[in-house]
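I'd like to walk you through one structure, so please have a look at the slide.

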Amino acid sequence: MIIQEKTSADHLLYVSLKYTKTTDVILNLLARWKSMIELAIDRLLEKAKKQKIIKTIPEAPKLKLDEAKEVYKKNPAIMEALDLYDFFKRM
């Protein structure tokens with residue numbers, strides 16, 4: 001599922017945006033990236049739950065983001081992606 005979102009986002013970025021620089025294409029690209037990061041957050045929290053780092057996975061997106069930031073605060077790559085996701089959510 002994450003790979004499909006990435007493939008769609010890559011296509012929008014490298015093909016569609018090359019020929020059509022409309023706001024619709026840009027908004028769709030941002031939505032794909034946001035969706036891809038949401039799926040990744042879900043998988044990261046599932047992994048943390050399997051490793052018994054957390055007891056439950058929150059339902060609300062904001063709580064998921066906060067939990068992921070707490071669990072993976074020492075991983076700079078994940079923190080960068082979570083900050084990007086937070087930026088997309090505010091847009």
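Let me start with a term: a crossing of helices is called left-handed if the near helix is turned anticlockwise from the far one by less than a right angle, and right-handed if clockwise. Helices here are DSSP runs of H or I with at least four residues, strands are runs of E with at least two, and both are numbered from the N terminus.

A word on where this comes from. This is a predicted model, where local features need pLDDT of at least 70 and side-chain atom pairs count only at pLDDT 80 or more, while totals for chains, interfaces and linings use all residues. Residues are numbered from 1 along each chain as its sequence is written, and side-chain values use heavy atoms, with hydrogens and water left out.

Now the overall picture. The protein has four helices and zero strands, and along the sequence that reads α-α-α-α.

Let's look at one pair. Helix α2, residues 23-50, packs against helix α3, residues 61-71, at an angle of about 55°, and their axes are 10 Å apart. That makes α2 oblique to α3; angles under 35 degrees count as roughly parallel, over 145 as roughly antiparallel, 65 to 115 as roughly perpendicular and the rest as oblique. Axes are lines fitted to C-alpha atoms, for helices over the stretch in contact, and angles run from 0 to 180 degrees between N-to-C directions. The crossing of α2 and α3 is left-handed.

Which residues in α2 and α3 meet? On the α2 side they are Ile41, Asp42, Leu45 and Ala48, and on the α3 side Lys64, Leu65, Glu67, Ala68 and Val71. Contact means heavy atoms within 4.5 Å.

Keep an eye on Ile41. Leaving out residues up to four places away in sequence, Ile41 touches Lys64, Leu65, Ala68, Leu82 and Tyr85. Ile41 and Leu82 also touch the most other members of the largest nonpolar core, which has 15 residues. Such a core is a set of buried Ala, Val, Leu, Ile, Met, Phe, Trp, Tyr and Cys residues joined through side-chain atoms within 4.5 Å. Helix α2 gives the largest share of this core, six residues.

Finally, the loop between α2 and α3 holds Lys52. Phi of Lys52 is near 60°, a positive value in a residue other than glycine. Is Lys52 buried or exposed? At 72% relative accessibility, Lys52 counts as exposed; buried means under 20% relative accessible area, exposed over 50%, and partly exposed in between, with a 1.4 Å probe and protein chains only.
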